[in-house]
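I want to look up a few things here and jot them down as I go.

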Amino acid sequence: NAFAEFVLKHKAGGISTGFENLDNLLDGGLYPGLYVIGANSSLGKTTLVLQIADNIARSGHGVLIFSLEMSAHELIAKTLSRLSFVKSLEEYESKCYAKTTRSVLLGRYNNEFDRKIIAEAIKDYSEWGNNIQIAEGIGNIGVAGIKNKIEEFKKFRNEPPVVVIDYLQILAPYNLKMTDKQNVDKNITELKRLSRDFDIPILGISSFNRES
């Protein structure tokens with residue numbers, strides 16, 4: 001029955017975030033449901049959640065990212081920047097050959113060591129990056145669009161993805177007659193419904209203003 005399936009699923013554990021301490025706090029990782037990661041602007045919310053998404057993709061699980069602020073190229077460049085940092089430490093015990101996101105986007109590689117490190121980062125990413133699909137949008141993606149993309153992803157890969165939304169406040173309004181707060185509340189409710197219907201974790205990034 002449904003309860004027995006629920007017990008078996010939770011005994012098997014959640015989907016690992018790639019961070020042991022965080023997995024422990026979450027009782028084994030990410031389970032179906034809506035998780036909101038909130039903080040003030042420029043504190044690294046996207047960077048943290050992107051690394052979690054990368055870790056999930058590296059484990060072989062599909063990830064669907066709705067990037068409503070950054071382009072797909074920017075997100076990939078952020079990942080390559082992080083990987084270049086890791087590779088630089090592993091090979092030279094120094095971060096001197098790590099590249100910033102901007103340097104990756106502009107192709108600024110100063111010497112053969114820079115080029116070697118970024119080539120290794122690209123090779124690493126190519127091994128699991130196809131597990132990640134990035135949907136770009138600027139105020140034109142709403143809950144209905146997210147549902148359609150999840151269905152397409154599930155049909156293509158025969159499994160539903162872990163979903164990331166960056167970020168909640170700039171999802172398309174559910175109803176233009178509602179206030180901003182009402183629309184955010186309604187979108188949150190509908191995202192919870194999607195997580196239940198597809199039996200998936202959804203990670204929503206939320207930007208707090210200074211007053212809150």
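**Entry 1: ground rules.** I call a residue buried under 20% relative accessible area, exposed over 50% and partly exposed in between, using a 1.4 Å probe and protein chains only. This is a predicted model, where local features need pLDDT of at least 70, side-chain atom pairs count only at pLDDT 80 or more, and totals for chains, interfaces and linings use all residues. Residues are numbered from 1 along each chain as its sequence is written, and side-chain values use heavy atoms, with hydrogens and water left out.

**Entry 2: Leu83.** I started with Leu83, which is buried at a relative accessible area of 3%. Leu83 is found in helix H4; helices (H or I, at least four residues) and strands (E, at least two) are DSSP runs, numbered from the N terminus. What is Leu83 in contact with, leaving aside neighbours within four places in sequence? I found Arg58, Ala121, Asp124, Tyr125 and Trp128, with contact meaning heavy atoms within 4.5 Å. I also looked up Leu83 against Glu120: the two are 37 residues apart in sequence, and their C-alpha atoms are 8.5 Å apart in space.

**Entry 3: salt bridges.** How many salt bridges does the structure hold? I get twelve, each being a side-chain nitrogen of Lys or Arg within 4 Å of a carboxyl oxygen of Asp or Glu. I noted three of them.

- Arg82 and Asp54 meet through their side chains at 2.7 Å, N to O. Arg82 lies in helix H4 (residues 72-92) and Asp54 in helix H3 (residues 45-58), so this pair ties together parts that are 28 residues apart in sequence. Asp54 is buried, with a relative accessible area of 2%.
- Arg58 and Asp124 form a salt bridge at 3.1 Å, N to O. This pair links distant parts of the chain, with Arg58 in helix H3 and Asp124 in helix H6 (residues 112-128), 66 residues apart. Arg58 is partly exposed at 41% relative accessibility, whereas Asp124 is buried at 10%.
- Arg196 and Asp197 make a salt bridge of 3.2 Å, N to O. Arg196 is exposed, at 56% relative accessible area, and Asp197 is partly exposed, at 49%.

Shared partners came up too: salt bridges join Arg58, Lys87 and Asp124 into one network.

**Entry 4: the sheet.** In which order do the strands of the open sheet come? I read off S1-S5-S4-S2-S3, five strands with parallel pairing; two strands pair if DSSP finds at least two bridges between them. At the edges are strand S1 (33-40) and strand S3 (132-136), each pairing on one side only. On average, neighbouring strands of this sheet are turned by 15° against each other, direction ignored. Axes here are lines fitted to C-alpha atoms, for helices over the stretch in contact, and angles run from 0 to 180 degrees between N-to-C directions.

Helix H3 packs on the sheet, touching S1, S2, S3, S4 and S5, and its direction makes about 165° with that of S5. S2 and S3 run parallel and are joined by five bridges; the bridge partner of Leu64 in S3 is Gln133.

**Entry 5: strand S4.** Next I followed strand S4 (residues 162-166), where five of its five residues are buried. Val162, Val164 and Asp166 point one way, Val163 and Ile165 the other. Strand S2 (residues 63-67) runs parallel to S4, with five bridges between them, and Ile65 stands opposite Val164. S4 also pairs in the parallel sense with strand S5 (residues 201-208), over four bridges; there, Leu203 is the bridge partner of Val164.

S4, helix H8 (residues 180-198) and S5 make a right-handed β-α-β unit. Right-handed says that, with the strands pointing away from the viewer, the path from the first strand over the helix to the second runs clockwise.

**Entry 6: Thr46.** A polar contact of 2.8 Å joins the side chains of Thr46 and Asp166. By polar contact I mean a pair of N or O atoms within 3.5 Å; within protein, one must be able to donate a hydrogen and the other to accept it, and residues adjacent in sequence count only if both atoms are side-chain atoms. Not counting residues up to four places away in sequence, Thr46 touches Met70, Leu75, Lys78, Asp166 and Ile205.
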